[in-house]
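Me: I would like to learn how to read the features of a model. Please take me through this one.

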Amino acid sequence: MHVTVDQDRCCSSGQCVLTVPEVFDQSEEDGLVRLLQDRPPLALLPRLRTAAALCPGGAITVTADPPPATAPARATPAQAGA
């Protein structure tokens, strides 16, 4: 999974920090979101989705990684007619 934040959309509400402090922090200077981890553990996905939904500025994007590609099945010699 991948997390991104758009600081131009952040309105400093702090909901993300309260919901997932392992991933988000706020700047002391301007209160804007700071991303601590852009690839957090999958176990945090439910809380990250909640943080994205709670963000009034819509500044948080959580993207699931695509499933790993699987190699096509190979025919065994018996299946190939050998």
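Me: How many helices and strands are there in the chain?

Reply: Helices (H or I, at least four residues) and strands (E, at least two) are DSSP runs, numbered from the N terminus. The chain has two helices and four strands, and from the N terminus on its elements run β-α-β-β-α-β. This is a predicted model, where local features need pLDDT of at least 70 and side-chain atom pairs count only at pLDDT 80 or more, while totals for chains, interfaces and linings use all residues. Residues are numbered from 1 along each chain as its sequence is written, and side-chain values use heavy atoms, with hydrogens and water left out.

Me: Why does Thr19 count as buried?

Reply: Buried means under 20% relative accessible area, exposed over 50%, partly exposed in between (1.4 Å probe, protein chains only). Thr19 counts as buried because its relative accessibility is 17%. Thr19 lies in helix α1 (residues 15–19). Of the 82 residues of the chain, 28% count as buried.

Me: Which residues touch the most other members of the largest nonpolar core?

Reply: In soluble globular proteins, nonpolar side chains tend to be buried together. A nonpolar core is a set of buried Ala, Val, Leu, Ile, Met, Phe, Trp, Tyr and Cys residues joined through side-chain atoms within 4.5 Å. Here the largest has 17 residues, and Cys16, Val20, Val23, Phe24, Leu48, Ala51 and Ile60 touch the most other members. Helix α2 (45–54) and α1 each supply at least two residues of this core; α2 gives the most, with three residues.
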